[in-house]
Structures are given as C-alpha cells and as structure tokens.
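Here is a briefing on one structure, written for a reader who wants cut-offs beside the values. Please keep the sequence and the model open while reading.

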Amino acid sequence: MALLKVKFDQKKRVKLAQGLWLMNWFSVLAGIIIFGLGLFLKIELRKRSDVMNNSESHFVPNSLIGVGVLSCVFNSLAGKICYDALDPAKYAKWKPWLKPYLAVCVLFNVTLFLVALCCFLLRGSLESTLAHGLKNGMKFYRDTDTPGRCFMKKTIDMLQIEFKCCGNNGFRDWFEIQWISNRYLDFSSKEVKDRIKSNVDGRYLVDGVPFSCCNPNSPRPCIQYQLTNNSAHYSYDHQTEELNLWLRGCRAALLSYYSNLMNTIGAATLLVWLFEATITVGLRYLHTALEGMANPEDPECESEGWLLEKSLPETWKAFLESVKKLGQGNQVEAEGEDAGQAPAAG
C-alpha cells in the first residue's frame, strides 16, 4: 500500500506545479545566500590563518560554497521541470529522468543536512587549531627581522586590540616566552644579563605584556611591566587590578566569535534544508500524480500521488534486497574474472 496517498485533479496538479516552480526560484536565492555565507566564513577564517595551526577549519566554508552552487543548479532545473510538467509534449522529455533526479535530490538533501551539522560540530577542531596556532604566533612575536615572520607582531597586536583579549589563555602566557626582540635589549646591562642567566634556555623573560593587552577603559595609565610586583607601582595590587589589562585569552575570544558565526550559518542552512526537503516531497507528489493519470491525453482526469509506492518497512526491505543483489552480482563478476585469469597448465 502506498504511503501518504493523496488524490489530485487537474486544478490541484496545476497549483502544485506552480507552487513548486515558485519555491524552486526562492531556493535558488537561498543557494546564493548559502554560497555567500560560505565565502564570508572562508574570508573570516583566512584573516586569522596566521594564528591557526592547520587548514581543517576550511572544510565547512568550502562545503557551504559547494552546496550553495549545487542548490542553484538543482533548483533551476527543478523549476524548469515544474514549468513543463503540465504540458504533455514538454513533460515527455523529462519523464525518463525524473526518478533518477529525485534520487539525486534526496542525496543532496542528506549532504545539505550534514553540512549544517558540521557548522555546529566544528567547535572542537577549531579550539585545537587556535590553541596551537596562537601559541606558535606568540613565539614568533619578536621575530620582526625574520623573513616570513616579520608580520606576526602586527597580526597579534591587531588581534588583541580587536577582540579585547591578551595571550592564548590569558595575559600570563606572555610571561613564559621571550616576546622582546634581542635587537632591543642592552646586553651590557646587568639586569638583562641576570635575567638571561637565570633562565635555563637563555631567554629574556619578564612579567610584562605587549601594549596591545592594555585595556583603554582603565582609569590609570596602563601598567605593562612588573605586573606581579606591587611595590614597583603606586597604589597597585596585581590580584585586584582587573581593569589594567584584558583578562580574557584570545583563544576563548576567537572561539566565541567563530562559534557564534557558525551557529548562525548552521541555523540558516538548516532552514534551507527544510525548504529543500519540502520541495523534494512536492516533486515526488507531482511526479507520481502525473505518472498515475489513467489517460495522459485527458488533462481533466483524476490521479493519485504518494510519497512511497509501498509502506516504509516494505520499502526498506526492498532497498536491502536490491543492495544484497548488487553485492552478489559484483561477487559473481569478480569470481568470473578470477577464473578467466587462471594460468594454463604447462
């Protein structure tokens, strides 16, 4: 027994075809929007590529761009099919291709749904790539004279200013690396020599941070150096001086920004997926309603449309049997090839 059977007369078929035609052109616009969102996300990720450890995060924007293009192509074609559906002469050329086309549409809908899910699930991968990328970027902060790294200081400074953050996990990350270039250190100074000697790796470490960590909302001039030395500054307690520097780490700030962006894009993609699924269901009803016409030459006759030709369990059983037959056919073919390649007796 057919699943979700609906009776159609000529008026209902015309309305269904016209409605699907309009919905398909709206979906073309939705495809352009998805393409634009994917392009925007890719540009935003490329802006921070210097502080990202790998290119895995570009899988989602590339997928959005791909499904956006496919959506425009498929829905333009579906709009043409719906336009020609009620003209017997024009419909005849589409008739052999409708069933395979519907199967491709179902596959596209599954792909679109998976891409939407990826938008929500990328957070873990993004957090890892930001953690390693920011850590490496901070190490290269001082290499302003090194080709290929001379831009890193500007990149990190602009990042900390724009996102109101400091360091990877917090401002104390700067205490663990030498972020001041040797070019600007006076190696004849006793203080510099003592700091370098006191460090096993021979690095010049200070309890200070770059200027870009300063919070302009602080009522006092920014304190960048000797941050943990209360006696070095008047009326200062580093444990309670919260306004002096940005307290949030840049990893958390960037992760929050990209997570919100991808959640919004994921929600928009899910809405488009629902719209696409509705169109696919409508196309299936239009296809079966036209196929079920007792006399195709008589446009006034009634017909029945359905979603599945059999019940859901029967359809699933038939699908498994077809897969099983396909597997057996491939096995028999492989055995035949092996037999044909058997060596002749000498």
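Predicted model: local features only at pLDDT ≥ 70, side-chain atom pairs only at ≥ 80, totals over all residues.

Residues are numbered from 1 along each chain as its sequence is written, and side-chain values use heavy atoms, with hydrogens and water left out. The count comes to three disulfides, a disulfide being a pair of cysteine sulfur atoms within 2.5 Å. The structure also holds 10 aromatic pairs.

**Disulfides**

- Counted along the chain, the bonded cysteines of the protein chain pair as 1-6, 2-3, 4-5.
- Cys 165 is joined to Cys 250, with 2.1 Å from S to S. This disulfide is right-handed because the torsion about its S-S bond is about 85°.
- The pair of Cys 165 and Cys 250 links distant parts of the chain, 85 residues apart. Cys 165 sits in the loop between helix H5 (152-163) and helix H6 (190-198), and Cys 250 sits in helix H7 (residues 250-291). Helices here are DSSP runs of H or I with at least four residues, numbered from the N terminus.
- Both Cys 165 and Cys 250 are buried. Buried means under 20% relative accessible area, exposed means over 50%, and partly exposed is in between (1.4 Å probe, protein chains only).
- Cys 166 is joined to Cys 213, at 2.0 Å from S to S. The link is right-handed, with 85° about the S-S bond.
- The pair of Cys 166 and Cys 213 also links distant parts of the chain, 47 residues apart. Cys 166 is in the loop between H5 and H6, and Cys 213 is in the loop between H6 and H7.
- Cys 166 is buried at a relative accessible area of 0%. Cys 213 counts as buried, with 0% relative accessibility.
- Cys 214 is joined to Cys 222, with an S to S distance of 1.9 Å. The torsion about this S-S bond is about -80°, so the disulfide is left-handed.
- Cys 214 is buried, at 14% relative accessible area. Cys 222 counts as partly exposed, at 30% relative accessibility.

- Cys 82 takes part in no disulfide, and the nearest cysteine sulfur, that of Cys 105, is 9.9 Å away. Cys 82 counts as buried, with 3% relative accessibility.
- How far is the sulfur of Cys 118 from the closest cysteine sulfur? The distance is 7.2 Å, to Cys 119, which is too far for a bond. Cys 118 counts as partly exposed at 26% relative accessibility.

**Aromatic rings**

- A pair of aromatic rings is described by the distance of the centres and the angle of the planes. Rings of Phe, Tyr and Trp (its six-membered ring) pair if their centres lie within 6.5 Å; planes under 30 degrees apart are stacked, over 60 edge-to-face, and the rest tilted.
- Phe 74 and Phe 108 form an edge-to-face pair, because their ring centres are 5.3 Å apart and their planes are at 75°. This pair links distant parts of the chain: Phe 74 is in helix H2 (residues 59-84) and Phe 108 in helix H3 (residues 88-121), 34 residues apart.
- Phe 74 is buried at 18% relative accessible area, and Phe 108 is buried at 6%.
- Tyr 257 and Tyr 258 are edge-to-face too, at 5.2 Å centre to centre and 65° between the planes. Tyr 257 is partly exposed at 29% relative accessible area, whereas Tyr 258 is buried at 0%.
- Tyr 141, Trp 174, Trp 179 and Tyr 225 are linked by ring pairs into a cluster.
- Arg 149 lies over the face of Phe 140, 4.0 Å from the ring centre. A charge sits over a ring if NZ of Lys or CZ of Arg is within 6 Å of the ring centre and within 35 degrees of the ring normal.

**Asn 168**

- Asn 168 lies in the loop between H5 and H6. Asn 168 is buried, with 8% relative accessible area.
- A polar atom of the Asn 168 side chain lies 3.1 Å from the backbone oxygen of Ala 131.
- Neighbours within four places in sequence aside, Asn 168 is in contact (heavy atoms within 4.5 Å) with residues including Ala 131, Leu 134, Asp 173 and Cys 250.

Conventions
Helix = DSSP H or I, 4+ residues; strand = E, 2+ residues; numbered from the N terminus. Polar contact = N/O pair within 3.5 Å; in protein donor to acceptor, adjacent residues only side chain to side chain.
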